[in-house]
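Below are my comments on the model, as numbered points. Please read them beside the coordinates.

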2 protein chains.
Amino acid sequence: MKVVEWLGDRVRILDQTKLPHEEVYLELSDYPSIASAIVELKIRGAPAIGVVAGYGIALGVQKIETSSKEEFLEKFQDVVGTIAATRPTARNLFWTIDWMQKVVAGGQDIGQIKQALVEEAIKIHSEGVEADEKLSQHGAGLIQDNFTILTHCNTGALATGGYGTALGVIKKAEEQGKNIKVLVTETRPLLQGARLTTWELKKTNIPYRLITDSMAGYFMSLEKVNCVIVGADRIAANGDTANKIGTYSLAVLAKENGIPFYVAAPTTTIDLSLASGDEIPIEQRSPDEVTHIQGVSIAPEGTQAQNPTFDITPYRYITAIITERGIMQEPYGDGLRVIA
Amino acid sequence: MKVVEWLGDRVRILDQTKLPHEEVYLELSDYPSIASAIVELKIRGAPAIGVVAGYGIALGVQKIETSSKEEFLEKFQDVVGTIAATRPTARNLFWTIDWMQKVVAGGQDIGQIKQALVEEAIKIHSEGVEADEKLSQHGAGLIQDNFTILTHCNTGALATGGYGTALGVIKKAEEQGKNIKVLVTETRPLLQGARLTTWELKKTNIPYRLITDSMAGYFMSLEKVNCVIVGADRIAANGDTANKIGTYSLAVLAKENGIPFYVAAPTTTIDLSLASGDEIPIEQRSPDEVTHIQGVSIAPEGTQAQNPTFDITPYRYITAIITERGIMQEPYGDGLRVIA
């Protein structure tokens with residue numbers, strides 16, 4: 001199973017909106033269709049968005065037909081603008097864009113820039129895969145034999161195009177021979193836990209149980225959870241972390257019950273330009289995602305709903321942040337400045 | 001709209017599994033069909049279960065054809081056994097059964113007992129309606145103008161066959177002219193918030209917004225919630241409260257954010273025989289309710305799920321318990337003994 005695959009002149013992705021009941025692959029050869037795939041969550045997960053954004057920009061510039069560098073740069077900014085406008089919260093998207101901007105700024109002629117952007121997109125992807133592997137190794141050291149681990153949303157291969165972050169840590173601990181059980185929160189509204197994390201765990205044969213988001217605190221209070229691990233969409237300079245809606249609640253409940261709460265993410269998720277989580281933009285998606293589930297209406301007609309896609313977990317609830325460059329604990333400020 | 005109506009020789013209920021999209025009424029004239037309606041959640045909510053259980057027992061005994069008191073008592077216990085086996089957590093169900101047992105124990109001839117059980121069932125219902133009204137009056141005093149109130153599951157007329165408990169408090173505050181907004185948690189797995197509370201609020205014209213259960217903590221952290229009010233399925237002698245799964249999490253999150261957390265319930269919900277919440281039996285329902293939503297599969301085939309229907313909120317997270325006999329605060333032990 002390859003979640004994201006570069007095919008030289010197009011990118012192939014596994015359509016995550018069709019999982020778990022259908023495995024449909026899409027081949028995307030232009031940047032507008034890649035932007036749409038990100039908006040529609042056919043590809044999702046902050047690191048995977050960063051990877052696909054790189055390919056999207058690389059593909060976009062190939063089709064710019066001009067010998068004028070000025071015109072080329074203008075059209076490059078159009079491509080970047082479309083990709084940047086897809087989703088506001090994931091840092092990795094903007095990390096990729098910043099990186100591609102630097103490549104273009106340092107480039108010579110148009111042909112060389114076009115070639116360099118493809119090479120850099122491939123490198124962003126392969127470095128992401130490596131980062132997953134390393135952070136999973138680091139994180140697995142925190143997992144003991146016979147742990148029951150609670151995780152939220154999907155942070156596996158599907159979310160990164162590599163090995164995974166929080167789910168990578170879980171898989172690595174199991175590969176090390178540890179006996180692991182996973183409690184998977186379904187992750188309303190879009191059910192990435194129920195649809196995607198279960199699908200990945202089923203393939204690995206790691207035992208799991210699905211619960212609703214509202215059950216997580218109860219199982220913690222019954223002392224049935226040894227640690228909580230989640231991913232991140234953006235980490236501010238003080239360690240405050242934006243992640244899937246519901247993460248903040250899990251962190252508070254973990255602290256109340258004396259359970260370690262870990263965030264696992266590559267350093268491309270860290271945003272040193274933001275002093276705290278208050279500055280992280282939170283995506284608001286369509287209320288229909290709340291009032292409907294898999295197309296079925298669950299509320300009276302005309303019901304208004306709120307749909308913030310992420311929330312902010314203040315650093316003081318986070319036991320450790322696991323990255324490919326090591327594991328950090330409070331105070332996060334200094335550590336994040338060194339590794340990011 | 002009458003959620004539960006006694007028609008002399010049968011009981012009419014609004015089928016809550018069909019809401020919000022269809023309003024279907026069922027007429028039930030024997031106790032097995034009433035027991036099934038409780039098991040299948042066609043009627044639900046602890047106080048409403050207590051009311052319908054009374055009618056079920058009353059209907060059940062009418063059909064006992066014997067002149068032998070001994071045989072009558074045996075068959076009465078069969079009826080009671082069937083009603084008692086429907087759902088384990090709601091105290092009100094067992095309160096009704098205890099009451100009916102006392103009526104039978106104190107009764108003379110079979111004809112008189114049959115008549116008395118009908119009268120008592122009607123009285124349990126009308127006293128429930130009165131209790132709702134009084135506790136809503138008491139509770140409304142805690143609600144200030146311009147409050148945004150977060151509530152979980154459904155605790156309105158649908159849950160009691162009267163005016164409601166937690167939702168009764170909200171409705172009463174609004175009737176008093178207070179400007180109220182409600183944040184309604186959808187309440188997975190069976191979506192009583194999304195399907196039922198919204199349906200009731202829509203009829204009252206109280207403004208509401210639907211959120212997923214996982215969003216509640218986030219809105220509390222944004223200081224967008226002035227208080228949380230929930231109902232109860234059973235309250236132990238120390239104030240520990242069993243209520244819909246997810247209640248414990250809301251209570252912890254409310255405490256963490258300095259938000260009052262109220263439980264509203266009639267005294268028939270109080271169980272002085274249990275020292276603490278550890279002794280309250282928690283119903284485990286079918287995992288299918290988690291892996292499927294409105295009949296649609298949301299997880300890979302073979303996925304195992306957990307489905308505890310209730311959780312326990314320790315008394316220390318509860319700011320006050322609102323009953324028809326007044327509002328109590330910690331320490332709960334003495335107050336509960338006086339009023340229950």
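1. Cys227(B) is buried, at a relative accessible area of 0% (buried: under 20% relative accessible area, exposed: over 50%, partly exposed: in between, with a 1.4 Å probe and protein chains only). Cys153(A) also counts as buried, at 8% relative accessibility.

2. This is a predicted model, in which local features need pLDDT of at least 70 and side-chain atom pairs count only at pLDDT 80 or more, while totals for chains, interfaces and linings use all residues. Residues are numbered from 1 along each chain as its sequence is written, chains are lettered from A and ligands numbered from 1 in the order in which they are written, and side-chain values use heavy atoms, without hydrogens and water.

3. How many disulfides does a search of the whole structure find? Over all chains the result is zero, a disulfide being a pair of cysteine sulfur atoms within 2.5 Å. For Cys153(A), the nearest cysteine sulfur belongs to Cys227(A), 17 Å away. For Cys227(B), the nearest is that of Cys153(B), 17 Å away.

4. In chain B, strands S1, S2 and S3 form an open sheet in the order S1-S2-S3, with antiparallel pairing. Strands are DSSP runs (E, at least two residues), as are helices (H or I, at least four), numbered from the N terminus; two strands pair if DSSP finds at least two bridges between them. S1 (4–6) and S3 (25–28) of chain B are the edge strands, each with a single partner, so one side of each lacks a neighbour in the sheet. Three bridges join S1(B) to S2(B) (residues 11–14), and Val4(B) has Ile13(B) as its bridge partner.

5. H2(B) packs on this sheet and touches S1, S2 and S3 of chain B, its direction making about 30° with that of S1(B) (contact: heavy atoms within 4.5 Å; axes are lines fitted to C-alpha atoms, for helices over the stretch in contact, and angles run from 0 to 180 degrees between N-to-C directions).

6. H2(B) (residues 46–62) also packs against H3(B) (residues 69–84), at an angle of about 150° and with the axes 10 Å apart. Residues in contact include Ala53(B) and Ile57(B) from H2(B), and Phe72(B) and Phe76(B) from H3(B).

7. In chain A, both faces of S10 (residues 261–264) are covered: Phe261(A) and Val263(A) on one side, and Tyr262(A) and Ala264(A) on the other, are all buried. S10(A) pairs in the parallel sense with S7(A) (residues 227–230) over three bridges, and Val228(A) stands opposite Phe261(A). Three bridges also join S10(A) to S15(A) (residues 320–323), running parallel, with Val263(A) opposite Ile321(A).
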